[in-house]
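The following briefing concerns a single protein chain. Please consult the sequence and the structure shown below while reading.

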Amino acid sequence: MNKVFLSGRLTRTPELRTSKDGNTKILSFSIANNVYNAKTKENNAVYFNCIAWNKIAEYIEKKAQKGTYINFEGNLMMNEYYNKENKKINQVLINVEKVEYIEKANNTNHYDGDFIPPVSSDNSATTDADPIEALEKSTDDLSLDDELPF
């Protein structure tokens with residue numbers, strides 16, 4: 001089983017891109033989540049790199065910006081690429097399958113009535129194409145590790 005349920009705040013405004021063939025929308029973003037350390041009695045920020053496809057990507061891009069609280073489910077996905085120094089990088093991404101909640105733009109912390117149904121074959125890059133292949137075909141470098149706030 002490969003299932004992830006996450007919530008947190010976006011660390012930057014999401015970037016919507018289109019694959020070179022123009023058939024796939026790709027949204028990359030990262031979220032921050034606090035993890036309590038009982039030993040130090042402090043919250044420590046943990047960052048997760050995420051990716052969404054097609055309709056879900058367009059929805060998040062429309063509704064979310066830096067600081068927006070989001071709750072979603074997805075699965076883990078491995079992305080392998082070479083950085084500018086030609087060093088091989090392995091990156092774990094959260095592949096967003098379903099958005100449960102996005103905070104209103106005015107940060108009132110109230111549900112705004114928008115749900116996304118589970119990903120179906122018509123709005124997922126994983127149906128007809130391998131998500132890694134679609135990611136590699138997308139415009140430029142989608143590496144997220146250079147943009148994390150730490």
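Glu97 counts as partly exposed at 22% relative accessibility, where buried denotes under 20% relative accessible area, exposed over 50%, and partly exposed the range in between (1.4 Å probe, protein chains only). Glu97 belongs to strand β6 (residues 88-102); strands here are DSSP runs of E with at least two residues, helices are runs of H or I with at least four, and both are numbered from the N terminus. The model is predicted, so that local features require pLDDT of at least 70 and side-chain atom pairs pLDDT 80 or more, whereas totals for chains, interfaces and linings use all residues. Residues are numbered from 1 along each chain as its sequence is written, and side-chain values use heavy atoms, with hydrogens and water left out.

**Surroundings of Glu97**

- The side chain of Glu97 forms a salt bridge with that of Lys3, at 2.7 Å from N to O; a salt bridge is a side-chain nitrogen of Lys or Arg within 4 Å of a carboxyl oxygen of Asp or Glu.
- This pair connects distant parts of the chain, since Glu97 is in strand β6 and Lys3 in the segment before β1, 94 residues apart.
- The side chains of Glu97 and Asn75 are joined by a polar contact of 2.7 Å, that is, a pair of N or O atoms within 3.5 Å; within protein, one atom must be able to donate a hydrogen and the other to accept it, and residues adjacent in sequence count only if both atoms are side-chain atoms.
- Between Glu97 and Gly74 the C-alpha to C-alpha distance is 4.6 Å, although 23 residues separate them in sequence.

**Glu73 and the salt bridges**

- The structure contains 7 salt bridges.
- One of them joins Glu73 to Lys3, with 3.4 Å between the closest N and O atoms.
- Glu73 in strand β5 and Lys3 in the segment before β1 (4-10) are 70 residues apart, and the pair thus links distant parts of the chain.
- Which of the two categories, buried or partly exposed, applies to Glu73? Glu73 counts as buried because its relative accessible area is 14%.
- Lys3 is partly exposed, at 36% relative accessibility.
- Leaving aside residues up to four places away in sequence, Glu73 touches Lys3, Val4, Phe5, Asn95, Val96, Glu97, Lys98 and Glu100; contact means heavy atoms within 4.5 Å.
- Another salt bridge connects the side chains of Glu15 and Arg12, at 3.0 Å from N to O.
- Glu15 is partly exposed, with a relative accessible area of 22%, while Arg12 counts as buried at 11% relative accessibility.

**Nonpolar surface patch**

- Leu76, Met78 and Val92 make up a nonpolar patch on the surface, with about 270 Å² of accessible area together.
- Patches consist of residues with over 30% relative accessible area and no salt bridge, like charges being joined within 9 Å and nonpolar side chains (Val, Leu, Ile, Met, Phe, Trp, Tyr) within 5 Å.
- Accessible areas come from the Shrake-Rupley method with a 1.4 Å probe, and for residues only the protein chains shown count as cover.
- Leu76 is located in strand β5 (residues 69-82) and counts as partly exposed, at 43% relative accessibility.

**Overall architecture**

- The protein has 2 helices and 6 strands, which follow the pattern β-β-β-β-α-β-β-α along the sequence.
- Of the 150 residues in the protein, 40% are buried.
- The accessible surface of the protein comes to about 8700 Å², with 47% belonging to carbon and sulfur atoms.
- Among contacts between residues at least 6 apart in sequence, 62% join residues at least 24 apart.
- In helix α1 (residues 54-63), the buried residues are Asn54, Ile56, Ala57, Tyr59 and Ile60.
- These buried residues of α1 pack against β2 (15-18), β3 (25-37), β4 (42-53), β5 and β6.

**Model confidence**

- The mean pLDDT of the protein is 79, and 69% of its residues reach 70 or more; pLDDT is the predictor's confidence in each residue, from 0 to 100.
- Over residues 109-129 pLDDT stays under 50, and the model has 41 contacts beyond four places in sequence for this stretch.
- Over residues 139-150 pLDDT likewise stays under 50, with 28 contacts beyond four places in sequence.
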